[in-house]
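This briefing is intended for a reader new to the structure shown below. Please consult the sequence and the model while reading the points that follow.

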Protein chains: 2
Amino acid sequence: MNLLSKTFSCRIRSVLRTSYFAQTSQLLHFSKKVESDFEKSTEGLFRCSANYVPLSPISFLERAARVYGERTSVVYGGVRFTWRKTLERCVRLASALTQKGISRGDVVAALAPNIPAIYELHFGVPMAGAVLCTLNTRHDSAMLSSLLRHSEAKMIFVDYQLLEVARRAVDLLSKTSQKLPLLVVIPESDIPSTTVGNMNFTSDNLEYESLLDIGKPDFEIRRPKDEWDPITLNYTSGTSSRPKGVLYNHRGAYLNSLATVFLHGMGPMPVYLWTVPMFHCNGWCLIWGVAVQGGTNICLRKVSPKGIFDSIVLHKVTHMGGAPTVLNTIVNAAASDRRPLPHKVEVMTGGSPPHPHILSKMEELGFGVSHLYGLTETYGPGTVCTWKPEWDSLPPSQRAKIKSRQGIYHVGLEEVDIRDPITMKSVPPDGKTIGEVMFRGNTVMSGYFKDLKATEEAFSGGWFRSGDLGIKHADGYIELKDRSKDIIISGGENISSIEVESVLFSHPAILEAAVVARPDDHWGDTPCAFVKLKEGKNASAEEIIKFCRDRLPHYMAPRTVIFEDLPKTYTGKTQKFALREKAKAMGSLTKGNANKN
Amino acid sequence: MNLLSKTFSCRIRSVLRTSYFAQTSQLLHFSKKVESDFEKSTEGLFRCSANYVPLSPISFLERAARVYGERTSVVYGGVRFTWRKTLERCVRLASALTQKGISRGDVVAALAPNIPAIYELHFGVPMAGAVLCTLNTRHDSAMLSSLLRHSEAKMIFVDYQLLEVARRAVDLLSKTSQKLPLLVVIPESDIPSTTVGNMNFTSDNLEYESLLDIGKPDFEIRRPKDEWDPITLNYTSGTSSRPKGVLYNHRGAYLNSLATVFLHGMGPMPVYLWTVPMFHCNGWCLIWGVAVQGGTNICLRKVSPKGIFDSIVLHKVTHMGGAPTVLNTIVNAAASDRRPLPHKVEVMTGGSPPHPHILSKMEELGFGVSHLYGLTETYGPGTVCTWKPEWDSLPPSQRAKIKSRQGIYHVGLEEVDIRDPITMKSVPPDGKTIGEVMFRGNTVMSGYFKDLKATEEAFSGGWFRSGDLGIKHADGYIELKDRSKDIIISGGENISSIEVESVLFSHPAILEAAVVARPDDHWGDTPCAFVKLKEGKNASAEEIIKFCRDRLPHYMAPRTVIFEDLPKTYTGKTQKFALREKAKAMGSLTKGNANKN
């Protein structure tokens, strides 16, 4: 007998794709609704609530409350919750949302730093069947207003410190829209409640804790009917000028959470310090991931060198993460802010390729640094530079060089590859042929919200096209060379801005650097460096150009050096599009046929 | 806008449930086939090969070959493969199977101990779209013949040492069936090929390595069309008299593999010693799980004390597993077979509740023991007694007592509960109310093959009913009391055979013990103990009964003690049904109205 070739009773292997049945705990005997894909079926089987449940990270919280109920879930200054309490608060939140009219599929926005409320919203909003849209805390009112319009958020939760910017955003929205989101203020939770009166919000605002109070602890969680139902909406953080709404689904969030726990090497009950913004790719899916292992979330309103070192010592932090900016903050911390680490702290860095000398310095301080890579479209982490024991004995500079590679896809994905964007052919693993980084798997976004054209472009050829350029090494590890729009083409040669930046970063006086194309009449482009010097250090443009020419092919060295603070996204990425605009405005350096190479 | 309430173009969020599309790498624009569940849809999204792939453990092997390509995958004596090689061999195997006529959904059987071939069959058979049915190596020809008939296996792979029993099984089958499975012999791989000629198989048999030779290394893997497609067929090991065919699907296998890696606490590149039979629940799903972390599989044809200790030292084993029998083997190993451990070795035990004194002895030897619980129907491991740091400071006896609890469901399941089998109400967490252990989640079997009635019974009420009885402690951890058929009801009181056995195990002269019900005219049942003494030790029935009466309520102490070797399944479970038959044959102990309590 062939297990797929016979069609038996319709009761058999019938299709359950809604968890409604899971909730009713009934056996399912579909008598008619057997779909074409399932016609070839097997005798003796069926799906029911006993053996099929749509994947959702909601399950992680329910399990954490069962297994780790009395353990600490969230710490924020003097505030502390247990996993049992966190579940209860999230259920109340979901209940309150439905009382305020939130239906399945509605968008609920949030604007807050890494405080307990935003952690809870990540579970509570999906438990109401709704979609959480976390907004970047650095956005101005105009941007917030446009994102509220695009997302059609029905409610917005706002940290008390961001109330003014949020109110202005709603005011702006009111000029073009009649449907305004209901605003809920999140007061400071780490202070006695009597002082809340000092805060700048009036009694007509809904307030977070009061909202929770109306929620019922026995509310029946609205689980996803299908695991592909949307769970969060993440607007890309703006290294390009047009933010897009990336939709995640429950299945992808579940799988990426597990994968992220694996790639952080998190055992049971880790202590995770929140230096990654929770609003960014849902904290790399670790908001849900920490619940998988019953860990403790250490929340910080503001990332500071002192805050990082103090938290590590006080809470015995085991894991943390962040863009290279966070690493920069740590290695450049004032001596008075530093504390000796109680044990090795694992740090995952990502967002942009870390520079080798920062990796080396982190190791000297006692951090174990791993390097991951991904995009908002891949639920945050997508690849990791999995470390091999045989690399331990290499000299530090070589170790750092290997570690700055993006590595290979994690267990939640099916594949990452470097392909020719036109022919879709995989490039050879020769460590030099450049192609586009492409992903395939269940932890790739559902698509861009209300932008089918952009979704189609992103998925054309059946892969997610990241727009990043890279190479493949002989061992299959990928290494980013640039974003396609960041590549500098000078005299027909491709220049990787990352390679030039890497040399700039090794200059003793340079704190930060970014290289973009400056248009050129003769060369097409020339490299233009934006540089921020370390405090108390000096270097001239000429010195820096010479430093680069001594270490790079001459055509790759910057022709222009501008000294200034680099514009950043909150997640620590340099806003290269802004620098590109500046460089463009400068006009051509070389006029006519001059050749100074 | 509500993300679920609008219906847009049919291109949107269209349904992909087959990986066929993943293979063609094409965008999918279903123009008509939007199913009812998906009508309420969201603008801008769709499923395609970029963001949807049916879950399957096949992906783990492909990824292991990419990330850990040059690392050792499988070791068996002098035989060693890398992950790259293992992938190549499995692809060849899949290709060869299709050349021999294996189609999607066909069953391929295997009868072998823990040798590399059976590891490879776990990937190679699913890669041909087929279903692997591993058979218990302790079965006799009659049993094998009946399982071959029931499974309708098209091929059977047989280890050379089991060739005679397999041939007799096929002969038996030939008396009633005309469709006989094609037999492939697996020769000893850990010897020079010239000596293969000594083995007892003729040239008309297919031979494993020759079969691989005809396989093509560029064969296109037949991935599951739906992640609910069957991947393996596991006949329950026979603690009850009627084996049932438990079907696993790709989705469940994927999820349970990840969960099992979590509950073993396996970091990257573990070294796993195969003391759990690979034929048993697909090695607790660790055959696939070890590939997740790029670990090394140490294969042992035969589990012996010396083999275990030697392997640990030679290969730096980090993890292993086994029924309490394996733990027994270790703690009772002769001094000459023991070796000091190079580091702590994590051992997962399961299959039946381990006795506290064995747990204590394992710890003394330097093993870290964790306790898991599950059934064939839950893909092996379903719960784990997650250890909490605050228990570290308890006295050893109390630690061991806690550790013998079955704990809470792992991350791949949705729930385990103790419920009243009639009312389906959850029992209170009072540590004493007995109910039935029930499971719910994606890692519960698809059903019993060709036995819809049994499937319906097992899933009645929307939960998988394990047939095991247990209690729930205040912290939610469950503890098994007995299988429902093993419970002894004496004078109206329930007696847990496990509790009586626990006392027997603490007797210094007793090596193994099992307690079953002996029918009784007066009491209904009385407890009857089957006991095997340690070598060189003595104890009379009277002494043992007194020992129990001193430590238990009198009605719980055995009334009968029989000295003999206990019949076992290969997985180390005592075959209680056989002992129950014996006890029944003895007849009533108490005649008339005697009351000796």
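The charged end of R440(A) is placed over the ring of W463(A), 5.4 Å from the ring centre. A charge counts as sitting over a ring if NZ of Lys or CZ of Arg is within 6 Å of the ring centre and within 35 degrees of the ring normal. K244(A) likewise lies over the face of Y448(A), at 4.8 Å from the ring centre.

This is a predicted model, in which local features need pLDDT of at least 70 and side-chain atom pairs count only at pLDDT 80 or more, while totals for chains, interfaces and linings use all residues. Residues are numbered from 1 along each chain as its sequence is written, chains are lettered from A and ligands numbered from 1 in the order in which they are written, and side-chain values use heavy atoms, with hydrogens and water left out.

**Aromatic rings**

- A search of the whole structure finds 27 aromatic pairs over all chains; rings of Phe, Tyr and Trp (its six-membered ring) pair if their centres lie within 6.5 Å, and planes under 30 degrees apart count as stacked, over 60 as edge-to-face and the rest as tilted.
- The rings of W391(A) and Y477(A) form an edge-to-face pair, because their centres are 5.6 Å apart and their planes stand at 85°.
- This pair links distant parts of the chain, 86 residues apart: W391(A) is in the loop between β15 (380-384) and α14 (396-403) of chain A, and Y477(A) is in the loop between β20 (464-472) and β21 (478-483) of chain A. Helices (H or I, at least four residues) and strands (E, at least two) are DSSP runs, numbered from the N terminus.
- W391(A) is buried at 11% relative accessible area, and Y477(A) is buried at 0%. Buried means under 20% relative accessible area, exposed over 50%, and partly exposed in between (1.4 Å probe, protein chains only).
- One aromatic cluster is formed by F46(A), Y373(B), F439(B), F459(B) and F464(B).

**Surroundings of D417(A)**

- D417(A) belongs to strand β17 (residues 413-419) of chain A and is buried, with a relative accessible area of 3%.
- The side chains of D417(A) and K472(A) are joined by a polar contact of 2.8 Å. A polar contact is a pair of N or O atoms within 3.5 Å; within protein, one must be able to donate a hydrogen and the other to accept it, and residues adjacent in sequence count only if both atoms are side-chain atoms.
- Between D417(A) and K472(A) there are 8.1 Å in space, C-alpha to C-alpha, and 55 residues in sequence.
- Beyond four places in sequence, the residues that D417(A) touches include W463(A), E436(A) and S426(A), where contact means heavy atoms within 4.5 Å.

**Buried interior**

- The largest nonpolar core has 209 residues, and F157(A) and F157(B) have the most contacts inside it. A nonpolar core is a set of buried Ala, Val, Leu, Ile, Met, Phe, Trp, Tyr and Cys residues joined through side-chain atoms within 4.5 Å.
- Apart from this core lies another, of 48 residues, among them V271(A), I298(A), A529(A) and M556(A).
- Helix α16 (residues 497-505) of chain A is largely enclosed by the rest of the structure, because seven of its nine residues are buried.

**Relation of the two chains**

- Chain A is superposed on chain B by a rotation of 180° with 0.0 Å of shift along its axis (RMSD 0.1 Å). The two copies are therefore related as by a two-fold rotation axis. Superposition is by least squares on the C-alpha atoms of residues with pLDDT of at least 70 in both.
- The copies meet through the same surface, because 99% of the interface residues of chain A are also interface residues in chain B.
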